[in-house]
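The sequence and the coordinates are shown below, and the text after them is meant to be read with the structure in view.

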Amino acid sequence: MNFSNLFANLTPSTSIFYALSFLTILCGLMVVLAKNPIHSVLYLIATFFCLSGHYILLNAQFLAAVNIIVYAGAIMVLFLFVIMFLNLKKEDEESKTNLVKIAAMIVGGTLFLIFVAVLRKAQLGTYNPYSFDSQIGMVESLGEILYSDYLLPFELVSILFLVAMIGAVMLGRREAGDRHF
Amino acid sequence: MTFTIDVAFIIKSIIILVIFGITLLVAMYSTYGERKVAAFMQDRIGPNRAGPFGLLQPLADAVKMFFKEDFIPAQSSKWLFILGPCLSMLTALMTSAVIPFGDSIKYEAAPGKIWDVPVQAIDVNIGILYVFGVVSLGVYGIMVGGWASNNKFSLLGAIRAASQNISYEISMGLAIIAILMMTGSLSIRHIVEQQHGGNWNIFYQPLGFIIFITCAFAECNRTPFDLPECETELIGGYHTEYSSMKLGFYLFAEYINMFVSSAMISSLYFGGYNYPGMDWVQAQLIGSLGEIAGHNVATLIGFLVFFGKSLFFVFFYMWVRWTLPRFRYDQLMNLGWKGLIPLAIVNIILTGGAILFLKPLVMSFLK
């Protein structure tokens with residue numbers, strides 16, 4: 001295969017896709033490889049940004065914005081918050097024995113193998129570019145689908161969230177006789 | 001390859017540059033304004049040496065900031081220390097992209113063909129979510145900078161900033177939801193257009209407005225919620241270790257945030273570029289100047305009105321800063337979680353009830 005041909009035939013959106021994918025994978029790898037946990041969290045935030053870029057390429061603006069708000073804006077702030085409190089500046093090498101490393105390698109390698117095997121056999125659905133509705137990711141159509149076809153799952157998920165919230169509040173509640181911090 | 005430069009592109013670029021420049025200029029003169037307002041409230045004179053009325057003071061400050069020694073503490077993590085103020089400036093400047101500063105500019109593309117260019121950098125249909133996303137990222141600059149300084153006071157400031165922003169984002173979002181229920185659109189331009197003719201949201205959402213402006217104060221880290229840099233407890237908070245223009249960027253980002261949130265308040269609750277009698281003014285101008293020029297002058301007046309509203313809220317920020325004392329940390333958390341969030345939920349229920357029951361009643365009354 002001629003590589004110069006490959007690059008010459010890229011459309012703008014494909015080249016953006018490749019650049020974004022490269023960045024996503026790089027940031028994802030750095031999350032694992034970074035020694036400092038704070039750096040890992042920052043790379044994870046960068047990964048979420050790259051994923052939002054992919055959503056925008058798919059014309060799913062609502063999903064992109066919500067991904068930024070919920071993951072990059074709220075959950076990762078809490079991650080950073082907790083890790084800053086723990087003050088993990090020195091890497092704890094002594095906690096990782098050889099046994100743990102070998103076990104982790106076996107588990108990770110098996111998972112990777114399963115992913116590859118599944119993706120190879122997967123019957124990925126095709127789409128018709130002429131009948132495809134490019135507005136499907138817009139907030140109006142998403143809202144209509146969520147509140148008509150998927151109303152029951154949507155409401156069930158809301159109840160699940162409510163239960164989780166109440167559970168968190170119950171766990172965090174100070175009981176009688178507890179110490180005041 | 002030939003480049004065809006069309007007029008719409010040029011007009012759009014000029015609009016974007018002007019919005020960007022105005023944001024920076026307003027932030028620059030807010031520092032001057034803040035000192036003048038403080039001086040007025042405390043019966044002093046304020047800066048009056050550089051230029052007439054001290055008007056060149058911001059320039060003098062900027063020059064001073066640039067020429068100070070730029071110091072990076074030895075035990076800090078260097079790249080994150082530099083990244084902190086960069087992130088603060090970046091997120092502060094990103095928000096103004098989706099705010100509609102004015103109606104639209106008309107021009108004749110071809111004889112008989114008139115095009116409209118809206119005075120707004122980008123009109124996305126998720127405008128409010130964009131603003132919300134950028135606002136939620138604003139805390140990273142403070143957190144990264146505070147942690148990278150390797151100073152316990154900076155770290156405490158950063159942690160305070162994080163918990164404060166997360167707490168107040170929730171009630172801010174809930175306050176906005178009430179507005180979204182009324183307008184049925186996420187685009188800020190639609191929200192502004194629906195307030196045309198005196199239907200300002202402040203008359204329908206007074207409670208939502210109070211919640212929103214309180215949260216805006218907290219998100220901008222302004223007094224009475226400026227606990228991340230509370231100097232009586234934390235020396236300088238998250239920017240204790242910063243010097244030179246890096247410190248300048250942190251302070252500058254705060255003023256940009258102030259202006260942008262003032263612009264958001266005036267476009268969400270105070271009608272944006274709408275003002276009483278604007279249809280009459282526009283008709284008069286079109287009558288005397290012709291369709292295109294009249295429309296453009298009317299847009300300019302709307303832009304100035306929007307600007308005036310925003311500047312009033314910038315003044316309001318300063319007014320509050322020099323009037324109210326700082327909250328204590330537990331008071332801040334209690335207000336956020338036990339005060340504002342339940343209030344915001346009540347506001348949503350009230351709004352929903354009003355849309356369902358009150359609106360048909362009023363409509364049948366009017367008929």
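The paragraphs below take the chains in turn, then a helix pair, some backbone angles and the interface.

This is a predicted model. Chain B is built from 13 helices and two strands. Its radius of gyration is 22 Å against the 21 Å that the globule rule gives for 367 residues, so chain B is as compact as a globular protein of that length. Along the principal axes, the C-alpha atoms of chain B fill a box of roughly 65 × 55 × 55 Å. Of the 367 residues in chain B, 43% are buried. Taking the contacts in chain B between residues at least 6 apart in sequence, 79% join residues at least 24 apart.

Chain A has seven helices and zero strands, and from the N terminus on its elements run α-α-α-α-α-α-α. Buried residues account for 11% of the 181 residues in chain A. Among the contacts in chain A between residues at least 6 apart in sequence, 55% join residues at least 24 apart.

Within chain B, one helix pair can be followed in detail. Two packed helices are described by the angle between their axes and the distance between the axes. For helix α4 (residues 127-148) of chain B and helix α5 (residues 152-183) of chain B, the axes come within 7 Å and cross at roughly 170°. Angles over 145 degrees count as roughly antiparallel, which makes α4(B) roughly antiparallel to α5(B). On the α4(B) side, the residues that meet α5(B) include I128(B), F132(B), V139(B), I142(B), M143(B) and W147(B). On the α5(B) side, the residues that meet α4(B) include L155(B), A158(B), A161(B), A162(B), E169(B) and I176(B). By class, this contact has eleven nonpolar, six polar and one charged residues.

α5(B) itself has 32 residues, and the distance from its first C-alpha to its last is 46 Å, close to the 46 Å expected at 1.5 Å a residue. The helix is followed by G184(B), whose phi is positive, near 70°.

The loop between α4 and α5 of chain B holds N150(B). Most residues other than glycine have a negative phi. The phi of N150(B), however, is positive, near 60°, and this residue is not a glycine. N150(B) has 17 other C-beta atoms within 10 Å, so it is partly exposed. N221(B) lies in the loop between α8 (206-219) and α9 (231-234) of chain B. Is N221(B) buried or exposed? A residue is buried if 20 or more other C-beta atoms lie within 10 Å of its own; N221(B) has 26 C-beta neighbours inside 10 Å and therefore counts as buried.

In chain A, the 21 residues of α3(A) should span 30 Å at 1.5 Å a residue, and the end C-alpha atoms are 30 Å apart, which agrees. Which residues of α3(A) are buried? They are I38(A), V41(A), L42(A), L44(A), I45(A), T47(A), L51(A) and S52(A). The cover over these buried residues includes α2 (12-33) and α4 of chain A, together with α4 of chain B.

Y55(A) also belongs to this helix, α3 (residues 37-57) of chain A. Y55(A) has 18 C-beta neighbours inside 10 Å, so it counts as partly exposed. Leaving aside neighbours within four places in sequence, Y55(A) is in contact with A60(A), L63(A), A64(A) and N67(A). The C-alpha atoms of Y55(A) and A65(A) are separated by 9.0 Å, the two residues being ten apart along the chain. Just after α3(A), N59(A) takes a positive phi of about 65°.

The last part is the interface between the chains. Here 17 residues of chain A are in contact with 19 residues of chain B. Which helix of chain A supplies the largest share of the side that touches chain B? That is helix α4 (residues 61-86) of chain A, with 14 residues. By class, the side of chain A that touches chain B has 15 nonpolar, two polar and no charged residues.

Methods. Residues numbered from 1 in each chain as written. Chains lettered and ligands numbered in written order. Predicted model: local features only at pLDDT ≥ 70, side-chain atom pairs only at ≥ 80, totals over all residues. Contact = placed C-beta atoms within 7 Å. Helix = DSSP H or I, 4+ residues; strand = E, 2+ residues; numbered from the N terminus. Nonpolar A, V, L, I, M, F, W, Y, C, P; charged D, E, K, R; others polar. Axes fitted to C-alpha atoms, helices over the stretch in contact; angles between N-to-C directions. Parallel < 35°, antiparallel > 145°, perpendicular 65-115°, else oblique. Rg over C-alpha atoms; globule rule 2.2 N^0.38 Å. Buried ≥ 20, exposed ≤ 12 C-beta atoms within 10 Å, placed from the backbone. Expected span 1.5 Å × (residues − 1).
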